[in-house]
Structure formats: structure tokens, C-alpha cells
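Below is a brisk structural report. Read it alongside the model.

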Amino acid sequence: MVINNDTILKDNDPFIRHESVPVELPLSAEDETLLREMFQYVVDSTDEEKAEKYNLRPAVGISAIQVGVPKQLTAVVVDDEDKNGNPVHYEYMLVNPKIISSSVQKAYLSSGEGCLSVEEEHQGYVVRSARIKVKAFDLISGKNIEIRARDYLAIVLQHELDHFKGILFYDHINHDDPFSHPPGAIEI
Ligand code: CO
């Protein structure tokens, strides 16, 4: 499947709101190929030359519904820093990821969020859990994993898993007060 800015579903297509279903394991050849192509999209999207040449919008994650496949598959590539300021790189090809716990403490990105399926700007904070635990099968490691995600990675995973429920980031923005800071929330 060719994945680029022309083939990615946008939010004017009602199918983007469709719920995604769990995928059977072991993965079929078709599902595995799709997940690898999604992952490759995310990797290539941050390479300026490839992004320009192949019409890719930079992304840190993509879910299968965004290419018109309502299955619980998501690919994520995130660069962040640990508590000591050292760079950390996360990459996952997740099958049936599920949030098994979420912190009460909230977090949001000060710059707001973006999405490959959303072309207009939607200003405002998207308030999510600051820390989550996710269980999934990961195609990169070839096994069931548990991810303890915090801060930026936690935000990205929650954004991607929302796609499985047909939820887009701007659904979370408080339209009466888009930049209100919830008490105790971490600004990232
Ligand atoms: Co998105």
C-alpha cells in the first residue's frame, strides 16, 4: 500500500471515526506487511528529502484506520529525553495495544497536538494522563510487551490508541477555555 499525504484519510472522511477491531495473532502476512509499511512511513516522514520526494507529512505515529484499515495496529517512533536529559529513542510496531493503567496526574503538550488526518489547526491543550502502562504484541521485538510510558511517549500512545475508538485529538480540547491549565498537570 502506498502511504502518503494523498492516501491518508482525513477527518472529512467519516471512516476516520470508525472503531478498529483487534487483530488475530500470529499476524497474517497481510497485517504484518501493513504494519511494516506504516512504520516505514513514520521513519521516512522525518527524513526531509524522502518527505519531500514522497509527499510525507512528518509524524511520530500512525494508526491503521488512517490508511482505511479498521484494525488495532499502530506504529510509533519517538525521540525524547530521560530524566537526566539523555536522548532516548522509542520505536514500536504495536498489535492490539491496550492501556492497562493511567495516572491520575495529567499532562499536555504546550504546543498542542497535530495529526496526519487533520489538516486545519486546532488550538488548545489536549489533556491526557501523564503516565500510562500499555500491553501489546510488538512486531519489532516479536513478543508481548508492557510499556511504561511517561510524558511525551505517553501522550503519543494515547493519541494513537484514541484512533482505535475514532477519537481525534481536538475532541479533547475544552472549547470554552482551550488553554486552561488543569491543576497539577505537567506541561511538556
Ligand atoms: Co493522529
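## Salt bridges

K50 forms a salt bridge with D44, and their closest N and O atoms are 3.5 Å apart. A salt bridge here is a side-chain nitrogen of Lys or Arg within 4 Å of a carboxyl oxygen of Asp or Glu. K50 is partly exposed, with a relative accessible area of 33%. D44 counts as buried because its relative accessibility is 14%. The cut-offs are under 20% relative accessible area for buried, over 50% for exposed, and partly exposed in between (1.4 Å probe, protein chains only). This is a predicted model: local features need pLDDT of at least 70, side-chain atom pairs count only at pLDDT 80 or more, and totals for chains, interfaces and linings use all residues. Residues are numbered from 1 along each chain as its sequence is written, and side-chain values use heavy atoms, with hydrogens and water left out.

The structure holds 8 salt bridges. One of them joins E32 to R36, with the closest N and O atoms 3.1 Å apart. E32 and R36 are 4 residues apart in helix α1, so about one helical turn separates them. E32 is partly exposed at 28% relative accessibility. R36 is partly exposed at 37%. D162 and K165 also meet through their side chains, at 3.9 Å from N to O. D162 counts as buried at 8% relative accessibility, whereas K165 counts as exposed at 51%. Salt bridges with shared partners join E113, R128, D162 and K165 into one network.

## Cobalt site

Which residues coordinate the cobalt ion? The donors are C115 (SG), H159 (NE2) and H163 (NE2), at 2.1 to 2.3 Å. Donors are N, O and S atoms within 2.8 Å of the metal (3.2 Å for Na, K and Ca); water is not among the atoms, so sites may look incomplete.

The donor spacing in sequence is C-x43-H-x3-H. C115 and H163 link distant parts of the chain, 48 residues apart. C115 sits in the loop between β4 (106-108) and β5 (128-129), and H163 belongs to helix α3 (residues 151-163). Helices (H or I, at least four residues) and strands (E, at least two) are DSSP runs, numbered from the N terminus. Both C115 and H163 are buried.

## The sheet

5 strands form an open sheet in the order β1-β2-β3-β6-β7, with antiparallel pairing. β1 and β7 (143-150) are the edge strands, each pairing on one side only. Neighbouring strands of this sheet are turned by 45° against each other on average, direction ignored. Two strands pair if DSSP finds at least two bridges between them.

Strand β1 (residues 61-63) joins strand β2 (residues 73-81) through 3 bridges. G61 stands opposite V76 in β2. β2 pairs with strand β3 (residues 87-102) over 9 bridges, and V76 stands opposite Y92 in β3. The hairpin of β2 and β3 has 5 residues between the strands, and G85 takes a positive phi near 85° there. Strand β6 (residues 131-138) is joined to β7 by 8 bridges. D138 stands opposite K143 in β7.

## Helices against the sheet

Helix α1 (residues 29-45) lies across β1, β2 and β3, at about 30° to β2. α3 lies across β1, β2, β3, β6 and β7, at about 165° to β2. Axes are lines fitted to C-alpha atoms, for helices over the stretch in contact, and angles run from 0 to 180 degrees between N-to-C directions. Contact means heavy atoms within 4.5 Å.

α1 has 17 residues and reaches 24 Å from its first C-alpha to its last, close to the 24 Å expected at 1.5 Å a residue. The expected span is 1.5 Å times one less than the number of residues. Its buried residues include L34, L35, M38, F39 and V42. Their cover includes α2 (48-54), β1, β2 and β3.

## Backbone exceptions

Most residues other than glycine have a negative phi, and most peptide bonds are trans. The bond from L25 to P26 is cis, with omega near -5°. P26 is found in the segment before α1. N96, not a glycine, has a positive phi of about 50°; N96 is found in strand β3. D151 also has a positive phi of about 50° without being a glycine, and D151 is found in helix α3. D151 counts as partly exposed at 25% relative accessibility.
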